[in-house]
Amino acid sequence: MDPINQQILLVSRPEGEPTVDNFQLVETPLPDLGEGQVLVRHHYLSLDPYMRGRMNEGRSYAQPQPLGEVMIGGTAGEVIASRHPDFAVGDAVVGMGGWQQYQRVDANQRGVLKKVDTTHIPLSAYLGAVGMPGVTAWYGLTQIIAPRAGETVVVSAASGAVGAVVGQLAKARGARAVGLAGGPEKCAYVSSELGFDACIDYRQHPDLKSLGAALKAACPNGIDGHFENVGGMILDAVMLRANAFSRVALCGMIAGYNGEPIPMHNPSLILVNRMMLQGFIVSEHMALWPQALQELGTEVASGRLKYRETVAQGLASAPEAFLGLLKGRNFGKQLVKLV
Ligand code: NDP
């Protein structure tokens with residue numbers, strides 16, 4: 001075992017767009033294990049849009065990431081040393097190990113480390129379709145939108161880790177699924193491989209009128225459910241096509257994560273159409289995770305639920321890959337492979 005642990009720290013807070021200079025790669029010696037502790041070697045880091053919010057100082061639903069500490073984040077790896085009876089060398093595990101090669105975990109703390117079965121589900125999927133992004137999709141779709149067969153469900157960032165699952169779960173429930181994604185390649189994937197009924201390349205529609213017309217063509221019966229990952233003009237365009245009693249799951253507003261204004265131009269439509277808009281944070285609904293993961297795991301293992309990954313190589317590539325995620329350079333779940 002390499003006695004050195006490479007880590008990436010957050011060393012400054014961005015103003016507007018983050019840069020690689022907000023991060024620093026350091027090397028620290030690996031500490032010895034205490035009683036009840038487990039040493040995990042990370043195979044994959046998960047990069048997620050919420051990390052952008054944690055880089056800010058301000059108050060949000062979660063604490064800011066402290067400066068000078070290892071950048072937070074989901075991880076998947078293997079146990080390489082254990083002084084805890086529940087964990088053995090070789091166990092595949094997921095946790096919140098952050099941007100580093102190894103993590104020493106106090107395994108007595110409930111829920112910090114979870115063993116996973118990689119017989120039918122690849123380890124990396126536990127950070128995507130069978131992990132937090134998948135549960136996010138499941139929660140917003142089933143608990144907020146709750147589509148009925150024949151209804152139309154729209155999802156933005158449709159080729160991404162969350163969006164791809166939303167549309168496929170909607171289809172499995174007999175709904176019509178329409179995606180919005182950036183670029184022809186992503187849209188072709190969403191329609192042909194993920195099986196959505198249609199996908200709109202929003203980059204071809206730079207103004208509200210044009211995007212509205214594309215949505216009208218793709219959703220001839222209007223929109224009954226919308227899963228919002230982006231905000232701004234996309235949400236405005238969807239609202240204009242929303243049916244009476246439609247439901248919007250407000251999951252993310254990535255178009256505004258660097259502080260860009262994302263006004264809502266027609267909030268009166270909420271009243272006129274008696275709409276329901278519900279924001280949610282997936283980590284506040286832990287009681288439903290087992291149910292969600294059961295469905296997601298079964299679907300991925302059977303090959304029915306498809307997903308795609310963009311994998312950056314090596315810890316040092318994490319900052320650049322993260323900046324790319326915020327610009328849509330990822331295609332599917334963004335990971336960093338360390339082993
Ligand atoms: P994705 O894999 O979808 O990656 C982000 C995608 O967002 C990019 O690929 C890009 O896709 C799109 N994007 C980036 N910037 C913009 C922009 N300015 N305008 C329009 N689209 C943009 O990420 P996830 O699936 O992990 O996350 C999707 C959303 O879900 C995010 O908003 C995230 O914050 C949210 N989320 C919320 C959770 C909750 O509990 N509420 C939990 C997990 C995620 P494209 O090229 O198609 O535009």
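Is Phe322 buried or exposed? I looked this up before anything else. Phe322 is buried, because its relative accessible area is 0%. Buried means under 20% relative accessible area, exposed means over 50%, and partly exposed lies in between (1.4 Å probe, protein chains only).

**Entry: ground rules.** I note that this is a predicted model, where local features need pLDDT of at least 70, side-chain atom pairs count only at pLDDT 80 or more, and totals for chains, interfaces and linings use all residues. Residues are numbered from 1 along each chain as its sequence is written, and side-chain values use heavy atoms, with hydrogens and water left out.

**Entry: ring pairs.** I searched the whole structure and found 6 aromatic pairs. Rings of Phe, Tyr and Trp (its six-membered ring) pair if their centres lie within 6.5 Å; planes under 30 degrees apart count as stacked, over 60 as edge-to-face and the rest as tilted.

One of them joins Phe23 and Phe322 edge-to-face, at 6.4 Å centre to centre and 85 degrees between the planes. Phe23 sits in strand β2 (residues 23-29) and Phe322 in helix α9 (residues 318-325), so this pair ties together parts 299 residues apart in sequence. Helices (H or I, at least four residues) and strands (E, at least two) are DSSP runs, numbered from the N terminus. Phe23 counts as buried, at 8% relative accessibility.

I then checked Tyr189 and Phe331. They form an edge-to-face pair, 5.2 Å centre to centre, with 85 degrees between the planes. Tyr189 is in helix α4 (residues 184-193) and Phe331 in the loop between α9 and β15 (333-337), 142 residues apart. Tyr189 is buried at 6% relative accessibility. Phe331 is buried too, at 10%.

I also found a cluster: ring pairs link Phe23, Trp99 and Phe322.

**Entry: charges over rings.** A charge sits over a ring if NZ of Lys or CZ of Arg is within 6 Å of the ring centre and within 35 degrees of the ring normal. Arg308 lies over the face of Phe331, 3.7 Å from the ring centre. Lys115 lies over the face of Phe87, at 5.6 Å.

**Entry: two helices.** How do α5 and α6 cross? The axes of α5 (residues 208-218) and α6 (residues 233-241) come within 9 Å and cross at roughly 50 degrees. Axes are lines fitted to C-alpha atoms, for helices over the stretch in contact, and angles run from 0 to 180 degrees between N-to-C directions. The two helices are therefore oblique to each other. Angles under 35 degrees count as roughly parallel, over 145 as roughly antiparallel, 65 to 115 as roughly perpendicular and the rest as oblique.
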